[in-house]
Amino acid sequence: MDSILLVDDDPNILKGYKRNLRSKYDVVTAGSAHEALDILRKGRKFVVIISDYSMPGMNGVEFLNLASRINKDSVRILLTGYANLEMAIEAVNKGNIFRFLTKPCPMERLFETTRQAVEQHKLIVSEKILLNKTLKGIVLVLSQILQTTNPISFNHAQRLTTLGKAIADRLKKEARWELDIALLLSQIGCVSVPQTIIEKRMHGLELDGKELEIFLEQSELGGKLLANIPRFEEISTSIQYQYTNYFRELFPTYNESKSIPFEGNLLRVLNDYYLMQSQGKTDDEILKELFNQKDYYDFEILNGLSAELNGAKAGSVLSTYKVEELHPGLVTAQDVYDIYKRLLLPKHTELNDISIAKLVSYLKVEKITPEIEVFEITR
């Protein structure tokens, strides 16, 4: 039986609605917006949410707006005793309202509107299921094509996906299906690149001018291939511009009218990380080189990569602190040397009052740099 949430501060109205709807629906009632939000936050899912507009503490539009963020697939109906055009516009724009009904509302009309809302919910859910299955099918086929025609690039995409998702989690990025697909299909354009060029690139060998041009063209091809798939617009942009510098030193040619999504900037960092790794550089050497070219990359993503490679605890981020602002609990993200290259504190040292006092003393006689990088616990 489909579940309906009724919200109204008038208990008599709630009783009347429930009495007439419970024969067909599982009806739950709430006497205020805050009570209803508590019900939703406990995880209860509703097909339809019906709310009065005029309630103490929070009006119906504000409530339905919040409800739409918690119970995203629900269909929302607003009831009000004093409708006007401005209110109706606010209701539709802010509360994502399916229907706007005036009170007193004949029970037959409320019943029919609720039935229509339930049907609308079925359409929403079936479309999501269809989209999910379609997306999974498309991604599977494209991945299999890449795996069959270019296994080296496929393996590279798998590595990008694993590390990229770990960095996104560390940066507390909201889970997005676009992220998984952009990483996994980032190398789809490599189906057009000769295997010899792919092998040279993946083994860290330098490509000549023509080879580099051919290799970089694959990102534009990959982006254009995916641009033909509905709802892949951001993924297409991310893949097409995955070799574009963060501050728009443009290569390949970049369209200023577009903004590169997080996934594209993440791929920019990851591609260079794995290229340098294939050249035999250590993680410390790679991070130093990446941070020395910060204008090329999203600094937040560099911090996430550094934290991930250094095995920082989940919930920690890389930060730069002035020595005099250090506090206990921070963890050094690098070896700390004085100006004579003598080691003062090794990497991964948790700072305490004594170690901080030592650094401050060295700073007073200008024998260390004024800032150091540390890991900071954020949760």
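Colleague: How many bridges join S4 to strand S5 (residues 97–102)?
Modeller: This is a predicted model, in which local features need pLDDT of at least 70 and side-chain atom pairs count only at pLDDT 80 or more, while totals for chains, interfaces and linings use all residues. Residues are numbered from 1 along each chain as its sequence is written, and side-chain values use heavy atoms, with hydrogens and water left out. Strands (E, at least two residues) and helices (H or I, at least four) are DSSP runs numbered from the N terminus, and two strands pair if DSSP finds at least two bridges between them. S4 and S5 run parallel, with Leu78 opposite Phe100 in S5, and the number of bridges joining them is five.

Colleague: In which order do the five strands form the open sheet?
Modeller: The pairing in this sheet is parallel. S2 (26–30) and S5 stand at the edges, each with a single partner strand, so one side of each lacks a neighbour in the sheet. The order of the strands is S2-S1-S3-S4-S5.

Colleague: Which residue of S4 is the bridge partner of Asp52?
Modeller: Strand S3 (residues 48–52) pairs with S4 in the parallel sense over five bridges. In S4, the partner of Asp52 is Leu79.

Colleague: Which helix makes a right-handed β-α-β unit with S3 and S4?
Modeller: Right-handed here means that, with the strands pointing away from the viewer, the path from the first strand over the helix to the second runs clockwise. The helix that makes this unit with S3 and S4 is H3 (residues 60–70).

Colleague: How many contacts does the stretch of residues 249–255 have beyond near neighbours in sequence?
Modeller: The predictor's confidence in each residue is pLDDT, from 0 to 100, and the protein chain averages 86, with 91% of the residues scoring at least 70. Over residues 249–255, however, the pLDDT is below 50. Where pLDDT is low, the predicted coordinates should not be read in detail. With contact meaning heavy atoms within 4.5 Å, the number of contacts for this stretch in the model, beyond near neighbours in sequence, is 17.
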